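Please view the sequence and the model first.

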Amino acid sequence: MMMSLKTAFLVSASAVLALEWSDGTGKLPALGWNSWNAYHCDINETRILDAANAIVKFGFKDAGYEYVNIDDCWSVKTGRDRRTQQLVPDPKRFPSGISGVANKIHALGLKIGIYSSAGTRTCAGYPASIGYESIDAATWAAWGIDYLKYDNCNVPSNWTDACNACVYNLNNPNNYVNGTCVNSGNYCPGGYDYTRSNSAKRYAIMRDALQAQNRTIQYALCSWGSAGVEQYGNATGNSWRMSDDIQDGFKYVTSILNMNSFNLNDVDFWGHPDADMLEVGNGGLSVAEERTHFAFWAAMKSPLLIGTNLYAASDEAKSILLNKYLLAFNQDNVYGAPAKPWKWGTNPDFTFNATNPAEFWSGESQQGTLVLMMNTLAVSRDMTANFGEIPSLDADGSYKVLDVWTGEDLGSITSSLTVKVASHDTAAFLFTSGLSQ
Ligand SMILES: *[C@@H]1O[C@H](CO)[C@@H](O)[C@H](O)[C@H]1NC(C)=O
Ligand SMILES: *[C@@H]1O[C@H](CO)[C@@H](O)[C@H](O)[C@H]1NC(C)=O
Ligand SMILES: *[C@@H]1O[C@H](CO)[C@@H](O)[C@H](O)[C@H]1NC(C)=O
Ligand SMILES: *[C@@H]1O[C@H](CO)[C@@H](O)[C@H](O)[C@H]1NC(C)=O
């Protein structure tokens with residue numbers, strides 16, 4: 001049967017529901033670029049199109065990056081069009097309109113994303129979408145939008161939740177003690193059903209509005225890990241932010257990584273906890289720290305949204321973002337599960353620690369077993385992968401080992417691999433059986 005609508009459908013398999021687009025969009029984590037970490041509110045058409053051109057010019061499109069996402073501050077701030085009630089692109093910043101920019105981005109073979117909030121105003125105070133979901137979804141579809149980041153600012157008082165989950169505060173991670181929220185106001189009793197919360201409803205209204213359009217629009221929830229989003233994220237969107245905003249420093253990388261290391265059972269095809277947009281290239285991380293940031297975001301199967309001006313980013317930063325082995329792991333069409341810790345390392349297993357999270361990780365892929373060893377300490381140290389500790393490897397097996405950063409074939413290795421890892425760096429290898437002996 002031919003279907004004229006590019007429908008998305010909610011698949012119900014026992015208890016799981018997921019937002020699945022019939023063209024396959026959303027099965028794998030999104031790859032692209034977003035304006036916020038690079039420019040915050042200081043965006044315009046030139047900068048967005050420069051980013052799109054850089055994605056083509058520097059090989060990012062060929063590597064699979066496809067979305068060029070406009071974040072907050074794109075519309076006329078004073079309000080909606082009085083007659084149509086539509087959001088209006090700022091004519092100074094976007095003289096071609098968003099649809100004009102969309103046409104140019106589509107002509108490059110890329111896709112375009114837009115931003116709003118499930119509240120009365122966006123986080124930067126621009127008109128937002130609560131109560132206008134159908135109008136806005138139709139407007140974006142008409143403009144050719146392919147992706148929506150939907151934020152959580154300025155929620156009207158009648159839409160707040162009776163009971164709220166802990167919002168993990170990256171600047172004050174002590175509001176979580178051993179994974180349990182403390183001092184967080186109206187914290188819900190264990191076992192609370194967030195699928196019936198007002199937050200779940202607010203985000204579902206936009207999901208339904210997007211699905212009603214004759215267009216695929218990937219749907220990214222941005223409610224900062226609040227209100228039990230892990231309970232309804234899969235049924236509502238293609239990805240959901242699991243923490244508050246990243247900033248350009250290593251403590252944010254380890255803090256989010258730590259938090260997400262306890263969410264990894266929520267990761268599979270069609271639904272991805274979003275560890276937030278990348279800071280690689282922005283200057284606040286050393287090269288070692290950039291490697292760690294990117295390796296883990298890829299390995300956790302987070303959406304990978306570049307957040308830097310690619311014309312200004314170093315060659316090292318660009319090559320990290322283009323690492324073909326890590327991108328292939330993130331985009332594996334056969335293995336939906338992320339890498340997971342096999343051992344915490346500096347701390348006992350399952351220790352919640354925002355500075356020294358789990359250091360020894362592995363995961364399966366079509367390329368073989370990905371093995372990551374991150375040194376969270378301030379000095380370099382030897383780190384050992386004992387094959388017997390890694391779920392998919394045999395204790396006394398021999399494996400062909402490839403260094404993910406250099407592409408170097410290390411030959412066949414038996415039983416264990418010890419390497420020196422610099423402070424805050426991550427050693428990354430792919431293990432396959434047979435082949436080289
Ligand atoms: C949906 O969009 C396609 C083009 O993407 C078009 O061919 C089709 O006619 C549209 N269907 C409806 C019902 O508007
Ligand atoms: C966008 O901003 C940049 C940097 O300030 C500026 O050079 C450019 O002319 C601006 N473009 C538009 C369309 O305003
Ligand atoms: C909040 O108020 C608005 C406007 O009256 C209404 O449309 C909406 O349904 C209310 N929300 C809830 C959760 O009752
Ligand atoms: C999300 O839903 C999809 C489709 O039903 C399912 O394959 C996937 O395992 C679900 N994810 C989780 C974490 O349950």
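Buried means under 20% relative accessible area, exposed over 50%, and partly exposed in between, with a 1.4 Å probe and protein chains only. Helices (H or I, at least four residues) and strands (E, at least two) are DSSP runs numbered from the N terminus. This is a predicted model, in which local features need pLDDT of at least 70 and side-chain atom pairs count only at pLDDT 80 or more, while totals for chains, interfaces and linings use all residues. Residues are numbered from 1 along each chain as its sequence is written, chains are lettered from A and ligands numbered from 1 in the order in which they are written, and side-chain values use heavy atoms, with hydrogens and water left out.

Q: Which side chains of strand β19 are buried?
A: Strand β19 covers residues 416-421, and its side chains alternate between two faces.

Q: Which residue stands opposite V419 in β19?
A: Strand β16 (residues 381-386) runs antiparallel to β19, and 6 bridges join the two; strands pair if DSSP finds at least two bridges between them. The residue opposite V419 is M383.

Q: Is F262 buried, partly exposed or exposed?
A: F262 is found in the loop between α7 (250-260) and β11 (272-274). Leaving aside neighbours within four places in sequence, F262 is in contact (heavy atoms within 4.5 Å) with W344, F350, T351 and F352. Because its relative accessibility is 36%, F262 counts as partly exposed.

Q: Against which elements do the buried residues of α3 pack?
A: In helix α3 (residues 97-107), the buried residues are G97, I98, G100, V101, A102 and I105. They pack against α2 (45-57), β4 (67-69), β5 (111-117) and α4 (133-143).

Q: How much of the accessible area of ligand 3 does the protein cover?
A: Ligand 3 is surrounded by N158, W159 and N198. A polar side-chain atom of N158 lies 2.3 Å from an oxygen atom of ligand 3. Of the 360 Å² of accessible area that ligand 3 has on its own, the protein covers 36%.

Q: What is the mean pLDDT of the protein chain?
A: pLDDT is the predictor's confidence in each residue, from 0 to 100. It stays under 50 over residues 1-6 and over residues 12-16. Where pLDDT is low, the predicted coordinates should not be read in detail. For the protein chain, 89% of residues reach 70 or more, and the mean pLDDT is 92.

Methods: Near = heavy atom within 4 Å. Polar contact = N/O pair within 3.5 Å; in protein donor to acceptor, adjacent residues only side chain to side chain. Areas by Shrake-Rupley, 256 points an atom, 1.4 Å probe, with all protein chains shown as cover.
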